[in-house]
Amino acid sequence: MGGLGAKTAVVTGGASGIGRAVAERLHRDGFRVAVIDLSPTDDGSGYVADVTDRAQVDAAISAIRDALGPILVLVNAAGVEGFKKFSNMSFQEWSRIIDVNLNGVFHTIQAVLPDMVETGWGRIVNISSSSTHSGQRYMAHYVAAKSAVNGLTKSLALEYGPCGITVNAVPPGFVDTPMLRSAERRQLLGGTVQDHIDRTPVRRVGRPEDIAAACAFFVSEEAGYITGQILGVNGGRNT
């Protein structure tokens, strides 16, 4: 863990899916991990907050800082999907997806940056989406938000690199999460999960642990010379 001792890491959306896998992996790697999510966790590491509400985010970050110390690692995994034909999409539906997937990232990064800047060391990883490479029908709002997250990642990497802070993004491919299975049940995937496995070069669906492994590398001391990068974890579906 370098010369800073055990570091405090915050994972948003860490109560389930990819976020939970990331939180568990970082805990195993020796971080003091706190989760921010709309749902409580079953292990006592969770702080209930809505990432679209800045006051709630600030309150959660303050409580985590008081309990665990300065926050030097942030993984933004909170997200929500949506499927709607663009011509039928209301601005309210558009705004909700943007608010969670993009504005939530804005709030959490701004809230933790002071700790990282003061310490002169920080790691930020944003979970975006492989749909930013290929697009996705009926998900214009989601793809737009996640694409903006990739752009934000690159800009912040340039701005805060001199402060010892790296900022990278991981766009997952086809990952077996409750969100994916829900979309399959609603017949929104353009086929079954197995159909997509058959079109994936490595011939399997992704696991949340695959994304967690990429995050674990990005937040490590060894990744200190890597910033502004978009690391696709997608089984070869997008190269």
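**R54 and D58.** I started with this pair in the predicted model. R54 makes a salt bridge to D58, and I get 3.0 Å between the closest N and O atoms. Both sit in helix 2 (residues 54–68), and because they are 4 residues apart, about one helical turn separates them. I looked up accessibility too: R54 comes out partly exposed at 25%, and D58 is also partly exposed, at 35%.

**E184 and R181.** Next I went to helix 6 (residues 178–185), where E184 and R181 lie 3 residues apart, about one turn of the helix. Their side chains form a salt bridge, 3.2 Å from N to O. E184 has a relative accessible area of 22%, so I noted it as partly exposed. R181 is partly exposed as well, at 29%.

**D29 and R25.** The closest N and O atoms of this salt bridge are 3.0 Å apart. D29 is partly exposed at 33%, and R25 is partly exposed at 26%.

**Whole-structure search.** I ran the salt-bridge search over everything and got 10. I also jotted down a network of salt bridges linking R20, E24 and D42.

**E81.** Then I checked a loop residue: E81 is in the stretch between strand 4 (71–76) and helix 3 (91–119). Buried or partly exposed? E81 has 15% relative accessibility, so it counts as buried, the cut-off being under 20%. Which residues does E81 touch, leaving aside neighbours within four places in sequence? I find I97, M139, Y142, M179 and R186 in contact with E81. With R186 there is also a side-chain polar contact of 2.7 Å.

Conventions
Residues are numbered from 1 along each chain as its sequence is written. This is a predicted model: local features need pLDDT of at least 70, side-chain atom pairs count only at pLDDT 80 or more; totals for chains, interfaces and linings use all residues. Side-chain values use heavy atoms; hydrogens and water are left out. Helices (H or I, at least four residues) and strands (E, at least two) are DSSP runs, numbered from the N terminus. Buried means under 20% relative accessible area, exposed over 50%, partly exposed in between (1.4 Å probe, protein chains only). A polar contact is a pair of N or O atoms within 3.5 Å; within protein, one must be able to donate a hydrogen and the other to accept it, and residues adjacent in sequence count only if both atoms are side-chain atoms. Contact means heavy atoms within 4.5 Å. A salt bridge is a side-chain nitrogen of Lys or Arg within 4 Å of a carboxyl oxygen of Asp or Glu.
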